[in-house]
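Visitor: Could you walk me through this one? I'd like to begin with a charged side chain and then move to the sheet.

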Amino acid sequence: MTGTTGPGADWWRQAVVYQVYPRSFADANGDGTGDLAGITRRIPHLVDLGVDAVWLSPFYPSALADGGYDVDDHRDVDPTIGTLADFDAMVTALHAAGLKLIVDIVPNHSSNRHPWFQAALAAGPGSPERERYVFRHGADGPPTDWRASFGGPTWEPVGDDWWYLHMFAPEQPDWNWDHPDVREDHERTLRFWADRGVDGFRIDVAHYLTKDLTGPLPTQAEIEARTVPEGTHPFDDRDDVHEVYRSWRKLFDEYDPPRMAVAEAVVPTHRRPRYASADGLGQAFNFDLLEADFDAGRFRTVVEQNLDLARAAGSTSTWVLSNHDVVRHPSRYGLPTGTSLPAWLMSDGTDPAADEERGLRRARAATAFLLALPGCAYLYQGEELGLPEVADLPGVVLQDPTWTRSLGTAKGRDGCRVPLPWSSSGSSFGFGPDGGRPAHLPQPPWSGRFAVEAQAADAASTLAFYRAAIARRRELVTGEELEFLDSPDGVVAFARPGGWVCTTNFTTSAVPLPEGEVLLSSSGDPAGGGLTELPGETTVWVRRAG
Ligand code: GLC
């Protein structure tokens, strides 16, 4: 039976999804690494926050060459994170609390410890085992000069002039998607988790997977100059990748309700609807707000473009300000426009110093803007606390392969992956039990100030604001329409069905408060009590008079 039109099939269209990076969320057993039991224990936090679903970053067995995105076995749980029984207990508890679960699937590559990769290395050149990955001969060096994400070449030598392809770290060999074993094994993985009650899948680097390395291959310079025709690139955003997603969609639709999926597809904007189409994955990330400066014109354009794109795909748009791959947005917004974030991280966050107060004010305004939009909001753990980036992690503690692959010239993404503070004091600020092993990435001494415990008691805290905003959204959001209204320069206002308006003042000076009943304010009292004007860098939701 398919459930494509049954009740609840569309739960994801306007959901608020909370991303959990499991090793840094909550550590139940005190070994310094977050775990599934920790997530289960903290479900009340997610319920109080009011989110609809959790997206869980990889929790599979992994040597952590890339934060778990190097997967040894896609159908198991890493022993430091828990067991399959812990997973089942977590799913049951999430569902009992009315929350859905989306898990991360990493289909472009396995880890180099995967049994099939180990078998490929052992079997040698020309063997059927090597066919499942992308091995090439190169007597005079690597087959191409391509550069991998995180730095260094995409080809790793394995002896006898043979090389294998890895678009990311050398510990992440790319699969050969022309091979039926690879396709079958991934379908088995999707069914494995869907049968265990998972409601959806986040598809990692969905724009890679299929490859064609038969023709004359472009150089790195040609790739960067974008001279390769769209759709037939040797490895990026190929048209034939959608055959994979069409077959997955059939699999997802065998379930009731159908399993949802969201693509992480870093492609030119006009190619995004292909990933979000109803006969494919169904939804795609849009990182345009995340990449935008805090600017009225830019925010409005991003919304207009993405609503059109979502409509073209028959999907809803996604909205994101932070995730596990980027500098947390309160820090970004506290830096002068145009600051190079990698260079800022290399200065330990000192050059220039971020204006924390301003960054947080803008972050809250942007969040209220985002939560008023039609579509799906993806929040990243800790943003509900207004956490800034931990920019001064020393090189010796860094785990991101970017650090070693760049020979210590780029810090990478650990500053947004530092374990969460739950209590104001204690050896790990409540991340683990008091006296347990220190958190796997050091927590800064200022963590306690941002702790859930400290903010829960403060009606003007960022946590109180997130709770109020998500609760209001639940009450107010009835349709998917949005109409921009005339507004002064530097101010963006749009009306939503049901007679309410979201207005963001991107300037630094106050403007008149829109007429009507204030339902939410991003600064001060979240209920907008006492507001007589709309302050600078603030968003309000107002029910229109009459
Ligand atoms: C995605 C993930 C990132 C990971 C990469 C390789 O971009 O979000 O964290 O490093 O894929 O799997």
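Visitor: Is Glu 517 buried, partly exposed or exposed?
Guide: Bearing in mind that this is a predicted model, Glu 517 counts as partly exposed, at 44% relative accessibility.

Visitor: And which side chain does Glu 517 meet in a salt bridge?
Guide: Glu 517 meets the side chain of Arg 543, at 3.3 Å from N to O. This pair links distant parts of the chain, with Glu 517 in strand E15 and Arg 543 in strand E17, 26 residues apart. Arg 543 is partly exposed, with a relative accessible area of 32%.

Visitor: What's the strand order in the sheet?
Guide: The order is E11-E12-E13-E17-E15, an open sheet of five strands with antiparallel pairing. Strand E11 (483–485) and strand E15 (517–521) are the edge strands, each pairing on one side only, and from one strand to the next the twist averages 25 degrees.

Visitor: How many bridges join E13 to E17?
Guide: Six bridges join these antiparallel strands, E13 covering residues 500–505 and E17 residues 538–543, and Thr 503 stands opposite Val 540 in E17.

Visitor: Which helix lies across E17?
Guide: Helix H13 (residues 356–371) lies across E12, E13, E15 and E17, and runs at about 35 degrees to E17.

Visitor: Back to charges, then: what does Arg 361 pair with?
Guide: Arg 361 forms a salt bridge with Glu 537, their closest N and O atoms being 3.0 Å apart. Because Glu 537 lies in the loop between strand E16 (533–534) and E17, while Arg 361 lies in helix H13, the pair ties together parts that are 176 residues apart in sequence. Glu 537 is buried at 1% relative accessibility, whereas Arg 361 is partly exposed at 31%.

How values were computed. Residues are numbered from 1 along each chain as its sequence is written. This is a predicted model: local features need pLDDT of at least 70, side-chain atom pairs count only at pLDDT 80 or more; totals for chains, interfaces and linings use all residues. Side-chain values use heavy atoms; hydrogens and water are left out. Two strands pair if DSSP finds at least two bridges between them. Helices (H or I, at least four residues) and strands (E, at least two) are DSSP runs, numbered from the N terminus. Axes are lines fitted to C-alpha atoms, for helices over the stretch in contact, and angles run from 0 to 180 degrees between N-to-C directions. Contact means heavy atoms within 4.5 Å. A salt bridge is a side-chain nitrogen of Lys or Arg within 4 Å of a carboxyl oxygen of Asp or Glu. Buried means under 20% relative accessible area, exposed over 50%, partly exposed in between (1.4 Å probe, protein chains only).
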